[in-house]
Amino acid sequence: SSTKLLIKGGTVVNAHHQEIADVYVKDGIIVAVKPNLRVGDDVKVIDATGKFVMPGGIDPHTHLAVEALNTESVDDFFSGQAAALAGGTTMHIDFVIPVNGSLIAGLKAYEKKAKKSCMDYGFHMVITKFDDIVSRDMEIMVKEKGINSFKFFLAYKGVLMVNDELLLEGLKRCKSLGALAMVHAENGDAVFEGQKRMIQLGITGPEGHALSRPPLLEGEATARAIRLAGFVNTPLYVVHVMSIDAMEEIAKARKSGQRVVGEPVVSGLALDDSGLWDSDFTTASKYVMSPPIRASGHGKALQDALSNGVLQLVGTDHCVFNSTQKASGIDDFRKIPNGVNGIEERMHLVWDLMVESGQISVTDYVRVTSTECARIFNIYPRKGAIIAGSDADIIILNPNSTFEINARSHHSRTDTNVYEGRRGKGKVEVTIAGGRVVWENNELKVVPGSGKYIEMAPFSYLFSGIDRADASYLSSLNAPVKRFKSTT
Ligand code: URP
Ligand code: ZN
Ligand code: ZN
Ligand code: ZN
């Protein structure tokens, strides 16, 4: 696009610095960030006086058009992204699910789904088994396909779950490729047992979902994954940290110097489990996600962990099924497709919960919603920054305006919203994606096919110095090296 834009007089915020400046955008790229820029009259000028000009949000965790329990989530790569743009998110990273265990076939399927994209996106790859072909394909993903992260599920027994042996193989392969290992940390065997207990007790409603997989199972799996990653000496990214139990394991590991990244999701920060006990099934079932939304108290602890740096970036796990799809589980919570919305709400809720409440600064807001994600997945400063040369993915947020969330006015295709009725301060008034104004005056102007695939290179900053740590591994164990005589 040859559009030229000047964003005038706003407070430009990056993760480490903020200042009043103008931002000049040309051909989808930020060309200059300086006070009092002078430009020709062919340039569209947007007045941002009194507002914050920030990097567009990057959602590290989404599932668009994903298949689960014989159905497909209702937001696809167009509707989910349109919703994202209306809420100030300009890039997301989605999880490719292998097809019959094939990474190559899985990627092909997702490339097809993503053709209609109206914003930039990247991929993580899920690993469900490990053999020579998977090992080879992981290398192809990293070296040829722009994927630098692999997710392992310690839950969903019989579907996606991996055992410790497979996790170890996967961790070693990730390490050798410079790719980041991600874990869904719940003990799937114990969850299976917990589900049987609930059904035996006659608890078949949505509350049974939460009761069957309590925080201790998340804490156990988080601790186990962290220790195994420590044993292999490779960085670990724990997705959707929902409980104090999991968060405390991450805190302990980070304090000891281990490279562990913790990702809370908006639902975990903003909600508690009370909705799961609602007598109306449609209401209760919309909150069903895994790990479950926890009892009151966990959310505030996760907010504290985000503000003190134990947790580093916020995702959504946006994965929406409408009330008809959720009703498949009306007699059995195990059949309710898992997932909640959030791709459109994340930027507003994190602002209101964390910045407006005084828990984090505006620069920290940029870090946890955008910059840290770009650094971890190695696309900084192309993404996650407002500096000359970066992609023109920019939002203008008015701290004095208000937002209100409801299913009638949201842009997602689902018919419910877990944040129904929420209001707050701070509104994304303008979203610019790839240099195009896509959200302005509460109106979306999105074009299918305009989103670009963002390739992500291996060996992010999380890997710096890792090999040297390996060389000292034996000495760190205090193990003398035995020399054996050869037996001829
Ligand atoms: O309930 C959830 N989280 N659904 C999406 C799949 C996952 O575990 O991330
Ligand atoms: Zn400056
Ligand atoms: Zn997960
Ligand atoms: Zn997820």
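Biologist: What makes histidine 63 count as buried?
Modeller: Its relative accessibility is 9%. Buried means under 20% relative accessible area, exposed over 50%, and partly exposed in between, using a 1.4 Å probe and protein chains only. So at 9%, histidine 63 is buried. Before we go on: this is a predicted model, where local features need pLDDT of at least 70, side-chain atom pairs count only at pLDDT 80 or more, and totals for chains, interfaces and linings use all residues. Residues are numbered from 1 along each chain as written, chains are lettered from A and ligands numbered from 1 in the order written, and side-chain values use heavy atoms, with hydrogens and water left out.

Biologist: How do you know that histidine 61 is buried or exposed?
Modeller: Histidine 61 has a relative accessible area of 0%, so it is buried.

Biologist: Which protein donors does the zinc ion (ligand 4) have?
Modeller: They are His61 (NE2), His63 (NE2) and Asp317 (OD), 1.9 to 2.1 Å from the zinc ion (ligand 4). Donors are N, O and S atoms within 2.8 Å of the metal (3.2 Å for Na, K and Ca); water is not among the atoms, so sites may look incomplete. Along the chain, the donors of this zinc ion follow the spacing H-x1-H-x253-D. The zinc ion (ligand 3) is 3.7 Å away from the zinc ion (ligand 4).

Biologist: Why is the site of the zinc ion (ligand 4) called irregular?
Modeller: Its 4 donor atoms make angles of 89 to 138°. Four donors count as tetrahedral if all angles lie between 85 and 135 degrees; four count as square planar and six as octahedral if opposite donors are over 155 degrees apart and all others between 65 and 115; anything else is irregular. With angles reaching 138°, the site of ligand 4 is irregular.

Biologist: What about the zinc ion (ligand 2): which protein donors does it have?
Modeller: His17 (NE2) and Glu19 (OE), at 2.3 to 2.4 Å. Histidine 17 has a relative accessible area of 44%, so it is partly exposed. Glutamate 19, at 35%, is partly exposed too.

Biologist: And why is glutamate 249 called buried?
Modeller: Because its relative accessibility is 19%, it counts as buried. Leaving aside neighbours within four places in sequence, glutamate 249 is in contact (heavy atoms within 4.5 Å) with Gly219, Thr222, Ala223, Ile226 and Arg227. Between the C-alpha atoms of glutamate 249 and serine 102, 147 residues apart along the chain, there are 33 Å.
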